Amino acid sequence: MTSQGFSDVGYIDTIAAGDSPLHRIDPRAKLITTAAFIATVVSFNKYAVLGLVPFFSFPIILILLGRIPAGYILRKLLLILPFAILVGIFNPIFDRAIIYHIGPVGISGGWISFISILLRFVLTVTSALALVALTGFNSVCLALERFKVPSPFIVQLMFLYRYMFVLTEESERMVRARAVRSFSGRTMHFKTFVSLIGHLLLRTLDRAERVYRAMCCRGFNGDIRILRSLRISLKDIVFVIIWVVLFISFRFWDAPLKLGELVMGIFP
Amino acid sequence: MSHHIVEANDLHYTYPEGTVGLSGVSFRITHGESVAIVGENGAGKSTLLLHLNGFLSAAKGEVRVGGYPLNSKNLDTVRRAVGMVFQNPDDQLFMATVFDDVAFGPLNRGLAGAEVEERVLQALDTVGAAHLKKRPPYKLSQGEKRSVAIATVLAMSPDILVMDEPTSSLDPMSRTRLIKLLKTFRHTKIIATHDLDMAMDLCERTIVLHRGKITADGPTLRLFQDEALLHSSSLEKPLRMQECPKRSEDIHGE
């Protein structure tokens, strides 16, 4: 079913409704930590591979302690993987300078940077998904709001999330209505597809107008207000500090190398 | 000012593409009245409702709420007084959780946190949806969505409730529950509907619309007994006023 990908998105709310020490951390603390994580991971130079490995500890700990079904995160990851591959796939072609030798096999810079892109992709997407799964999409929006992210941006995000499901259902109904009336051809002709998309757009515009009316009826004037008190406590601050210190040390202190040296030191 | 009186004086409205929505609609609905607006598809019911809240403005004629003409200056005041329950609850429930949705109106009114919370819980309690407060609206059943949509309006404590097809796409039990709930409200009620049985239950007065004009305005029971009137307005008697067919042949006309 086409809806699988989307109804699955709703499942993330079910996970977010769970309870674990990580669920109870303030959304803002989790948001900052994840942002710091992503910024550090992205800041590595383009050939970084080994330096990225220690960073896997963050998403893995979130998934394990937060009891997030790893299979779910993995499936979402696979869904987006083609985009990451597309971004990096040309590197091995353009960048042929050999920079590593493993035995007789030379490895070009292109392959190294491609692998680096994939690693970063897995790290950033996994931790972002873990953030939403532990916090809930709405609380993430709420945290963004508290950080003074401009409200039109947050309103867009919230509406996107709210109406994604309605839109999916609507398009599904249309696809089904087409399917029952097209007996032989299972594939959709381009013309049909265009008119389907066109109708969907028109319906969406109509709906947007109706939603806007409903909002005006209840005094909407450009700001979305949400009633929720967030309280930051000591454990939230400790959570942020520990992780940020770890990220910085992973970044500037080559952990795999030092570990290697240590091992070599013990077993000369 | 008393917000409870709704008046329409000779409303005319034509849609931009040329469809006539209303042509000369006048009525006066007073405090505490419960009025059904019935008519076939395209008779102008929804068009009329959109006028009561200032979303459409008549080409000719005026709407007065609480004695004052509805214009851009007092639009906000009128929208405070008139609570509108739309036909499709998915249009009305746009926030991420039921609680946030019901709180949306009161928060926009600038009420303080504690009062907002109290109002939200009370409104949800009234419609029997208190247990849904943390749920996202897209996961609710149609009946639950409808109840919550009504709660969003109740939380703003309007004087007048305007509803577009409140019983559409509800299962029989949810429909009965909704009717029972609406019966308990003391607001002035204006209900556009095809559900004439509900109109009999809830509204002592009915306005019949046909092609943008009022063809009858009077006591519900009397109008619904007038077969000629109903027929000319493309309506049928409420089910409970129709005689039960005794044999299946009566239905199939053999």
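Author: Domain bounds, as used here, come from an automatic or database domain assignment. On that basis, chain A is divided into domain 1 (4-148 + 232-257) and domain 2 (151-217). The model is a predicted one, in which local features need pLDDT of at least 70 and side-chain atom pairs count only at pLDDT 80 or more, while totals for chains, interfaces and linings use all residues. Residues are numbered from 1 along each chain as its sequence is written, with chains lettered from A and ligands numbered from 1 in the order in which they are written.

The C-alpha centres of domain 1 of chain A and domain 2 of chain A are 32 Å apart. Six residues from domain 1 of chain A and seven residues from domain 2 of chain A take part in their contact; two residues are in contact if their C-beta atoms, placed from the backbone, lie within 7 Å. On the side of domain 1 of chain A that touches domain 2 of chain A, helix H1 (4-16) and helix H7 (137-146) of chain A are the elements that give two or more residues. Helices (H or I, at least four residues) and strands (E, at least two) are DSSP runs, numbered from the N terminus. H7(A) provides the largest share of that side of domain 1, four residues. By class, this side of domain 1 has four nonpolar, one polar and one charged residues. Here Ala, Val, Leu, Ile, Met, Phe, Trp, Tyr, Cys and Pro count as nonpolar, Asp, Glu, Lys and Arg as charged, and the others, Gly among them, as polar.

The contact between the chains may be described in the like manner. In chain B, 26 residues are in contact with 23 residues of chain A. The elements of chain B that give two or more residues to the side touching chain A are helix H3 (89-92), helix H4 (98-108) and helix H5 (113-126). H4(B) gives the most to this side, with six residues. The residues on the side of chain B that touches chain A divide into 12 nonpolar, eight polar and six charged.

There remain the strands of chain A. Strand S1 (residues 98-102) and strand S2 (residues 105-108) of chain A run antiparallel and are joined by four bridges; two strands pair if DSSP finds at least two bridges between them. Tyr100(A) stands opposite Ile107(A) in S2(A). The hairpin of S1(A) and S2(A) has two residues between the strands, and Gly103(A) takes a positive phi near 60° in this hairpin.
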